[in-house]
There are 2 protein chains.
Amino acid sequence: MFNTAVVLTRRVVLVTYLALALVAPARAQTDPLPSWNEGATKTAVVDFVARVTREGGADFVPAEERIATFDNDGTLWSEQPMYFQAAFAMDRLKAMAADHPEWKDRPAFKAVLDGDPAALAALGEKGILQIIAATHSGMTVSTFDRTVRDWIRTAPHPRFDRPYNELVYQPMLELLTYLRANGFKTFIVSGGGVEFMRAWAPDSYGIPPEQIVGSSGKAEFRLDGDQASLVKLPEIEFIDDGAGKPVGINHVIGRRPVFAAGNSDGDLQMLQWTTLNSGPRFGMIVHHTDDAREWAYDRSSPVGRLDKALEEAPRYSWTVVDMKADWKVVFPFEKK
Amino acid sequence: MFNTAVVLTRRVVLVTYLALALVAPARAQTDPLPSWNEGATKTAVVDFVARVTREGGADFVPAEERIATFDNDGTLWSEQPMYFQAAFAMDRLKAMAADHPEWKDRPAFKAVLDGDPAALAALGEKGILQIIAATHSGMTVSTFDRTVRDWIRTAPHPRFDRPYNELVYQPMLELLTYLRANGFKTFIVSGGGVEFMRAWAPDSYGIPPEQIVGSSGKAEFRLDGDQASLVKLPEIEFIDDGAGKPVGINHVIGRRPVFAAGNSDGDLQMLQWTTLNSGPRFGMIVHHTDDAREWAYDRSSPVGRLDKALEEAPRYSWTVVDMKADWKVVFPFEKK
């Protein structure tokens with residue numbers, strides 16, 4: 001009888017142990033950042049996350065304050081040979097041109113329709129902004145959303161011959177997931193158009209529409225019978241770039257981030273706003289150093305220029321990611 | 001031996017049952033809306049929530065799309081005898097007046113400093129906006145935040161002689177909690193200043209800063225040595241009221257709500273934008289009908305005017321809450 005009791009008690013212990021093993025949160029024994037090479041960069045990230053999540057530790061940050069903001073172009077996906085939203089705008093311009101014979105008389109529009117990138121480049125940023133205004137207005141927000149979804153599914157990137165949203169960075173996807181698993185709320189804070197991003201970024205990054213901050217045009221509410229719509233107007237509402245990024249963060253998020261990642265001088269002020277604060281803070285710059293797998297550019301690049309922010313990085317203790325050295329793979333499709 | 005095994009097996013079953021009872025989500029047997037009287041209003045809310053959360057049902061809405069937006073003034077807390085933010089602005093005007101002798105020459109400012117509400121009223125909304133601009137700018141966002149926190153802790157409401165944030169509506173607090181327990185993400189979408197609300201609303205409503213949408217002034221990023229700050233400027237950035245509410249929702253949230261609650265004509269377009277859409281939608285109007293416990297006002301009130309939205313309610317099938325009939329208590333302090 002004693003023996004039976006012992007056996008049964010053991011069985012109870014075993015069953016309880018197994019039940020607890022199923023119920024208890026799995027301890028991650030696997031590397032949460034498998035596409036990051038071992039080294040100072042990866043260690044800095046992992047150490048930071050360990051410090052801010054250690055309850056009772058000196059650097060503990062409550063979960064609700066773990067706000068992480070990520071630039072998009074050049075930080076979460078590629079931005080060469082031109083911002084992908086500019087490629088979208090040019091494709092739209094060509095698609096819409098038949099209905100707009102007057103566009104032939106506007107230099108920027110003509111440059112695109114004639115396939116003359118040099119003429120467009122000579123017009124500078126103003127030309128691109130005119131094209132974006134014309135192709136991003138005059139329709140409802142839901143029609144625009146559908147147009148972006150169709151484009152991202154079908155238009156091929158000129159170098160990689162793949163849909164643009166396949167050019168997201170595998171190591172950054174892992175970083176987003178890793179931060180969220182540690183209680184961070186991840187946001188995009190981009191100079192790109194907020195409605196352009198919302199059409200594909202939630203699926204690509206696991207970041208919901210309400211956690212995407214970006215540039216925007218004005219919109220107008222219209223009621224036609226029992227049809228309510230929001231129509232996009234050709235006027236700029238807000239440019240979420242440079243010194244506009246802290247303003248956009250304050251306006252939409254209302255908290256100062258503890259983690260920020262960028263790749264260009266357009267992210268300088270977001271990084272300053274994030275890291276020039278008391279308590280533990282992390283600033284990350286993605287430095288494009290890999291011409292073979294992606295692109296190599298910084299100080300003299302017309303797109304994604306990284307000059308002052310790179311120069312200031314040591315002074316502010318920002319972590320500079322060397323894409324070539326730190327990343328095992330760049331894009332998800334390399335793993336296949 | 002057999003008996004011992006049976007006893008032990010029973011014990012295993014009992015322990016397992018108790019363990020599961022602890023682990024399994026508690027079935028709410030208690031009324032989640034105890035401050036709402038039984039009746040058509042409460043039934044409409046409960047039925048709607050049941051329909052959109054029933055997996056496989058015709059009206060099921062995935063959790064990530066369960067966006068609920070709430071006006072603040074007059075919907076979640078009181079707004080009489082004047083918007084509470086206007087009371088804050090006037091208190092600030094008096095506190096700051098010693099440093100601004102020139103204010104004596106401005107009619108709206110003089111009216112407040114002389115304690116002459118009739119003179120201020122004669123100046124209309126313009127006077128209040130001037131006072132808000134002057135008292136809500138020229139400091140950093142963090143200084144402004146501290147000022148609001150101090151005020152809300154100490155300033156007494158003239159009728160109830162309590163801090164203003166005790167004048168939140170108990171039934172609406174229950175509704176917010178009930179919706180969140182059913183997978184909804186609750187947002188404030190208010191004509192009030194977003195930074196004014198963020199200083200106290202998270203504690204009062206359980207809604208985090210990043211889920212508060214409101215009117216805003218412009219701000220400017222400044223770097224002074226290693227000191228980064230955002231300074232509030234005396235210029236309006238966005239008015240989140242009337243036709244501005246759908247625009248603000250689209251800009252910040254990026255999804256069309258399935259549930260919206262308001263109390264005035266300033267909420268008309270938010271209610272239209274929410275409910276004039278396919279699928280299950282809920283529009284709620286809080287009608288102030290209780291002069292004894294709160295206030296009774298609608299069509300002719302200068303603050304919180306409810307005219308067109310009340311007239312349109314039946315046509316759009318919006319649920320009109322009769323505060324007097326539908327609410328057992330109005331304020332949390334009545335329960336004590």
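1. H11(B) and H12(B) are oblique to each other, because their axes cross at roughly 55°, and angles count as roughly parallel only under 35 degrees and as roughly perpendicular from 65 to 115. The axes come within 7 Å. H11 covers residues 244-252 of chain B, and H12 covers residues 268-275. This is a predicted model.

2. Which residues of H11(B) and H12(B) meet? From H11(B) come B:Lys245, B:Pro246 and B:Ile249. From H12(B) come B:Gln269, B:Met270 and B:Trp273. By class, this contact has four nonpolar, one polar and one charged residues.

3. Next, the chain B side facing chain A. Here 35 residues of chain B are in contact with 35 residues of chain A. H11 and H12 of chain B each supply at least two residues of that side. The residues of the side of chain B that touches chain A divide into 22 nonpolar, eight polar and five charged.

4. In chain A, consider helix H12 (residues 268-275) and helix H13 (residues 308-316). Their axes come within 10 Å and cross at roughly 15°. H12(A) and H13(A) are therefore roughly parallel to each other. H12(A) passes H13(A) in a left-handed crossing.

5. A:Leu268, A:Leu271 and A:Thr275 are the contributors from H12(A) to this contact. H13(A) brings A:Lys308, A:Ala309 and A:Tyr316. Four nonpolar residues, one polar and one charged make up the contact of H12(A) with H13(A).

Notes:
Residues are numbered from 1 along each chain as its sequence is written. Chains are lettered from A and ligands numbered from 1 in the order in which they are written. This is a predicted model: local features need pLDDT of at least 70, side-chain atom pairs count only at pLDDT 80 or more; totals for chains, interfaces and linings use all residues. Axes are lines fitted to C-alpha atoms, for helices over the stretch in contact, and angles run from 0 to 180 degrees between N-to-C directions. Helices (H or I, at least four residues) and strands (E, at least two) are DSSP runs, numbered from the N terminus. Angles under 35 degrees count as roughly parallel, over 145 as roughly antiparallel, 65 to 115 as roughly perpendicular and the rest as oblique. Two residues are in contact if their C-beta atoms, placed from the backbone, lie within 7 Å. Ala, Val, Leu, Ile, Met, Phe, Trp, Tyr, Cys and Pro count as nonpolar, Asp, Glu, Lys and Arg as charged, and the others, Gly among them, as polar. A crossing is left-handed if the near helix is turned anticlockwise from the far one by less than a right angle, and right-handed if clockwise.
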